[in-house]
Amino acid sequence: MKVPITELQERVSNLQDSLQKKGIDGALLVQRADTLYYTGTAQNIHIYVPREGKPIILAYRDFGRAQQESSWEVIQLKGISKIPNHIQEAGLPLPEKLGLELDVLPVNQFERYRKTFPDALLVDISSEVRLLRAVKSEWELARLEKSAQIHAQVLEYAKEVLHPGMTEVELEGLVEGKARSLGHGGYVRMRGFDSEFHFCVITSGARAAVPSCFDGPVTGQGISIAHPNGATMAQIQTCEPIIVDMVTVVDGYQIDQTRILSLGPLSEDLTKAYKAARQVEEKIRCALVPGRVAGEIYEEILTWVRQNTLYEDNFMGYRTGQVHFVGHGVGLELDELPTISKGSKEVLKPGMVVAIEPKFVFPGVGVVGIEDTVVIEAEMGARYLSVSPRELAVL
């Protein structure tokens, strides 16, 4: 679906307001999620956003597709060295202070831009871009709601096909096929350096409690040393928790959810821990209101877990393997702002979308928990975008 020009204009206008406040003459954006956000196409794009006036959309590959897909006028780019010419041809002055996405830009690429703009001061614009993208429009929320609908259908399908003795990989493959047949975009975008995430983590029993390099509470053991996260070839057993941590994607917009399935009843201890996770999720949801500081909410939740559960050592990992967040922004990328994390200074705003994921990890036994995506709206707490049932699914 083509992004409406009014939507793109509003996004560019918001960025220009930020540029003016920071005293930056223009921003040159090249990272895929950012250029998709501001142009409406995922082709190979450079976009120059001046502090005033129309943006300049420059396409390498594929120029024809970029023309068709973007609501802006698109110009063919035949080399980075030509960018200043295009800026001047548009009647704009060359920037004296130029914003770049320095959180993701490779050094070699940065050096090319420094040679292209030798008289400009190059500064980081990534935080401003990410904070602007964190607040979703009604158009974006509609994409996220469609993603949530796909998740609900895929989860029901997983319950239908799950049976004792099937491997984690087998279940994952069936789930992926179903998701794709319903319109899932197929892959998950992440911003973090060296971050890799398959669209779904299906892991069960003690394998779910194995720590890994990925910065998350539950990653699975993975199928090999080279692929150390996600499903394995091991068979799923009865009466063990099965983690289905799935990202569904529509038009690039991602919903992140986790549900627990079980072939037969879980132990009393794991069932109690799951109920505690549901309580923690609701505590987080209610705390996500405009004006609050994300890091303060994180400390508040840790205190509640410490005082009201028996699982402080198991929360969001086990002891030294614990991660220091309980929620993260989602949208065009899986690791967006805000993060409900230790020390976070981000102030919550209406329209921010967060995946909240309280989980308890028990080494040698398994993991129970839940994850839902919510949108911050008003003082009564965030609203669930997720629509899948939240009860423990004992089959």
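Author: This is a predicted model. Strand S5, residues 97–100, and strand S6, residues 121–124, run parallel and are joined by four bridges.

Reader: Which residue stands opposite Val123 in S6?

Author: That residue is Gly99.

Reader: How does the chain cross from S5 to S6?

Author: It passes through helix H5, residues 107–116, and this β-α-β crossover is right-handed.

Reader: And what holds strands of a sheet together in general?

Author: In general, the strands of a sheet pair through backbone hydrogen bonds, in either a parallel or an antiparallel sense.

Reader: What does S1 pair with?

Author: Strand S1 pairs with S5 in the parallel sense over two bridges. S1 also pairs with strand S2, residues 45–50, in the antiparallel sense over four bridges. Gly26 stands opposite Leu98 in S5, and Ala27 stands opposite Val49 in S2.

Reader: Let us change topic. How many salt bridges are there in the whole structure?

Author: A search of the whole structure finds 28 salt bridges. One of them joins the side chains of Lys136 and Glu336, with an N to O distance of 2.7 Å.

Reader: Where in the chain are Lys136 and Glu336?

Author: They belong to distant parts of the chain, 200 residues apart. Lys136 is in the loop between helix H6 (126–134) and helix H7 (138–161), while Glu336 is in strand S11, residues 336–341.

Reader: Why does Lys136 count as buried?

Author: Lys136 counts as buried because its relative accessible area is 6%, and the cut-off for buried is under 20%. Glu336 is also buried, at 3% relative accessibility.

Reader: What about the pair Arg319 and Asp313?

Author: Their side chains meet in a salt bridge of 3.5 Å, N to O. Arg319 is partly exposed at 49% relative accessibility, and Asp313 is partly exposed at 35%.

Reader: Which residue forms a salt bridge with Arg383?

Author: Glu377 does, and the closest N and O atoms are 2.9 Å apart. Arg383 is partly exposed, with 31% relative accessibility, and Glu377 is partly exposed as well, with 38%.

Reader: Which residues are joined into one network?

Author: Salt bridges that share partners join Asp34, Asp103, Arg133, Lys136, Arg191, Glu333 and Glu336 into one network.

Reader: And how many disulfides are there?

Author: The count comes to zero disulfides. A disulfide is, in general, a covalent bond between the sulfur atoms of two cysteines. As for cysteines in this model, Cys239 is partly exposed at 40% relative accessibility, and Cys286 is partly exposed at 37%.

Reader: One more topic: in what order do the strands of the open sheet with S7 come?

Author: The four strands of that open sheet come in the order S7-S8-S9-S17, and the pairing is mixed. Strand S7 (200–204) and strand S17 (393–394) are the edge strands, each pairing on one side only.

Reader: How many bridges join S8 to S9?

Author: Nine bridges join strand S8, residues 242–250, to strand S9, residues 253–262, and the two run antiparallel. Within this pairing, Met246 stands opposite Gln257 in S9.

Definitions and conventions: Residues are numbered from 1 along each chain as its sequence is written. This is a predicted model: local features need pLDDT of at least 70, side-chain atom pairs count only at pLDDT 80 or more; totals for chains, interfaces and linings use all residues. Side-chain values use heavy atoms; hydrogens and water are left out. Two strands pair if DSSP finds at least two bridges between them. A crossover is right-handed if, with the strands pointing away from the viewer, the path from the first strand over the helix to the second runs clockwise. A salt bridge is a side-chain nitrogen of Lys or Arg within 4 Å of a carboxyl oxygen of Asp or Glu. Buried means under 20% relative accessible area, exposed over 50%, partly exposed in between (1.4 Å probe, protein chains only). A disulfide is a pair of cysteine sulfur atoms within 2.5 Å.
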